[in-house]
Amino acid sequence: MFFIPGILITIATFPGVIVHELAHQLFCRWYKVPVFKVVYFQMANPAGYVLHEPANNKLQSIMISIGPFFLNTILGALIAFPAAIPVFKFDNGNIADYLLIYLGVSIAMHAFPSRGDAQSLWQSLKESDTSLIAKILGYPVIGLIYAGAIGSFFWLDLAYGIAIAVGLPTLLISLLG
Amino acid sequence: MQEDLNLQQERTDEIAKCINCGSLEILSGYRNNLCAECRTAMINYPIPNWVKLFGVGILAVMLISMIWLPGNFKAALALSRADKAEKNHYYLTAQRELEVARKAAPNSIDVLADELIAAYYNNDLETVAKTGDLLAGKEFEDSIKLHRINYISTELRNYSPSDTFKTTFSKYKNQIVSDTVYRNYVNTHPDDDYAKIFLANIYMEKEYYLNADKLLSNVLLNDAEMIPALNDKVMVKRELNQLDSSLYYADKLLNINRESLYALSSKARTLLKMKRNKEGLELALKCLSLENNFPYNQATLALAYHFNKYYNQRDELLNRSGTDSATISYMQFARDVISNKVKFQN
């Protein structure tokens, strides 16, 4: 068994990192939360981050944390979907198809919020003024984020990217076909 | 990754200032002291041009994907439906779905192979030849599919004369060859199933049905699923008035291909001959619903209408097909039965 350093995978899948950070920033802008710094991509750990003021509304905090999960997932799926069909159903893919699948997987595999996102959400939720609903919604999300972060050691993020970009089209076709 | 920042407020006795520009006009009710201008500026934290360009690129790629999506999705659904149809031996449906899939993936080995298989069971030899040419020299990853293609190419040898057959009969060019000559050839070439079926067809034309039946049985002894022999058996058994046996062979064909137009229509004729008129009509109509331009079934349907006393529909069908050259010969049989020139039901 060989070991591939995570940073190499992150570099190889940099489009997903940029989309992830851009999604954080756009969600901040949407909820009118000031942003102090954005690093879209760097060859270090973390590969990207957004510094922003904590949102006053806890649900907004949750959304800022998990926004990239939705955006990266949807974008990754939409980009890879039509390309996955010729490659995996017709065994007839061309270079453009493989490029789209690479891009789709890259974006989808960076959908998972990072441990930094979880910490940020944790800080926000443990404040005394946090409503019960926000806690009920937020803590499971934090748990899932940590589970995902642990799972990324076992390539869960890559598996997720492949599942979204390749598995989803296959599943939909077998269900609808 | 994102981090919430509660930027350290200056703990002095001085009046609070904007942490960005030092303005005294800070907006209250927020975690960080920021003036309205800085707050607005930070909410709209600038996105660098290269990131905007990158975003536009991603959106453009997504747009291209969305344009490709409907066509590819439709083709993939067609392939999926074809797979299911093929697994359940509905080869006509399979072939039609595969034609849709092939438009999106004209060079897909899997699609071509599946189309060849479906076309073979539908007796569409033109498509078999076309797809076979496109597949020539291609490598198959699917060993089961390869095995099926090899089986079909072996079977197809019985669909055309062997070199020996051609050489033997080339000397009879423009001459009428007697049955005896063909029978002698069959006797000296017991492995030539094409020759046996060829001779069986000559016997059928001359209404020597017992001889044809014997030859066809011999062919099926070697290869129980040989489609041309099974097709002929249904008709020969019907003509020999062995109607249950005719149904047996029709069902055998339908077991191979549940949408075999010939088997459905021929079975309908046998049912009509058994005076099971309603069932015969239903089957002929089922065949029509699968393919409305199958001349043999047009004639079967005319017979079915006739025996079910739907004379208007029968006459309409006969009139409609009167000018169609492909249907005329088949319809003549129906006309002969209707006019009692040929006795069909006992």
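Buried means under 20% relative accessible area, exposed means over 50%, and partly exposed covers what lies in between. I begin with that convention because it decides how B:Asp110 is classed: with a relative accessible area of 23%, this residue is partly exposed. Please keep in mind throughout that we are looking at a predicted model.

Let me stay with B:Asp110 and turn to the salt bridges. Over all chains, the search finds 16 of them. In one, the side chains of B:Asp110 and B:Lys145 meet at 3.9 Å, N to O. This pair links distant parts of the chain, with B:Asp110 in helix α4 (residues 109-121) of chain B and B:Lys145 in helix α6 of chain B, 35 residues apart. B:Lys145 has a relative accessible area of 13% and is therefore buried. Through shared partners, salt bridges join B:Asp110, B:Asp114 and B:Lys145 into one network.

A further salt bridge in chain B brings together the side chains of B:Asp213 and B:Lys233, at 2.5 Å from N to O. B:Asp213 belongs to helix α10 (residues 209-222) of chain B and B:Lys233 to helix α11 (residues 227-239) of chain B, so the pair ties together parts that are 20 residues apart in sequence. Are these two residues buried or exposed? Both B:Asp213 and B:Lys233 are buried.

Next, B:Lys267 and B:Asp251 meet through their side chains in a salt bridge of 2.7 Å, N to O. Here too distant parts of the chain are linked: B:Lys267 sits in helix α13 of chain B and B:Asp251 in helix α12 (residues 243-256) of chain B, 16 residues apart. B:Lys267 counts as buried because its relative accessibility is 18%, while B:Asp251, at 36%, is partly exposed.

I now move to the aromatic residues. The count comes to 31 aromatic pairs over all chains. In one of them, the ring centres of A:Phe69 and A:Phe112 are 6.1 Å apart and the planes stand at 50 degrees, so the pair is tilted. A:Phe69 lies in helix α3 (residues 58-89) of chain A, and A:Phe112 in the loop between α4 (95-109) and α5 (115-125) of chain A, so this contact ties together parts that are 43 residues apart in sequence. A:Phe69 is partly exposed, at 23% relative accessible area, and A:Phe112 counts as partly exposed at 22%.

In chain B, B:Tyr120 and B:Tyr121 form an edge-to-face pair, 4.9 Å centre to centre with 70 degrees between the planes. Both tyrosines, B:Tyr120 and B:Tyr121, are buried. Ring pairs also link B:Phe165, B:Phe169, B:Tyr182, B:Tyr185, B:Tyr194 and B:Phe198 into a cluster.

At the surface, which residues gather in a patch of negative charge? They are A:Asp91, B:Glu139, B:Glu141 and B:Asp142. Of these, B:Glu139 is found in the loop between α5 (125-135) and α6 (143-156) of chain B, and its relative accessibility of 72% makes it exposed.

I close with the backbone. A:Asn45 and A:Pro46 are joined by a cis peptide bond, with omega about 0 degrees. A:Pro46 is placed in the loop between β1 (35-39) and β2 (49-52) of chain A. A:Lys32, although not a glycine, has a positive phi, near 60 degrees. A:Lys32 lies in the loop between α2 (14-30) and β1 of chain A and is exposed, at 58% relative accessible area. B:Lys275, likewise not a glycine, has a positive phi of about 65 degrees; this residue is in the loop between α13 (261-273) and α14 (277-290) of chain B.

Definitions and conventions: Residues are numbered from 1 along each chain as its sequence is written. Chains are lettered from A and ligands numbered from 1 in the order in which they are written. This is a predicted model: local features need pLDDT of at least 70, side-chain atom pairs count only at pLDDT 80 or more; totals for chains, interfaces and linings use all residues. Side-chain values use heavy atoms; hydrogens and water are left out. Patches are made of residues with over 30% relative accessible area and no salt bridge: like charges are joined within 9 Å, nonpolar side chains (Val, Leu, Ile, Met, Phe, Trp, Tyr) within 5 Å. Accessible areas come from the Shrake-Rupley method with a 1.4 Å probe; for residues, only the protein chains shown count as cover. A salt bridge is a side-chain nitrogen of Lys or Arg within 4 Å of a carboxyl oxygen of Asp or Glu. Lys and Arg count as positive and Asp and Glu as negative; His and the chain ends are not counted. The place of a charge is taken as NZ of Lys, CZ of Arg, CG of Asp or CD of Glu. Helices (H or I, at least four residues) and strands (E, at least two) are DSSP runs, numbered from the N terminus. Buried means under 20% relative accessible area, exposed over 50%, partly exposed in between (1.4 Å probe, protein chains only). Rings of Phe, Tyr and Trp (its six-membered ring) pair if their centres lie within 6.5 Å; planes under 30 degrees apart count as stacked, over 60 as edge-to-face and the rest as tilted.
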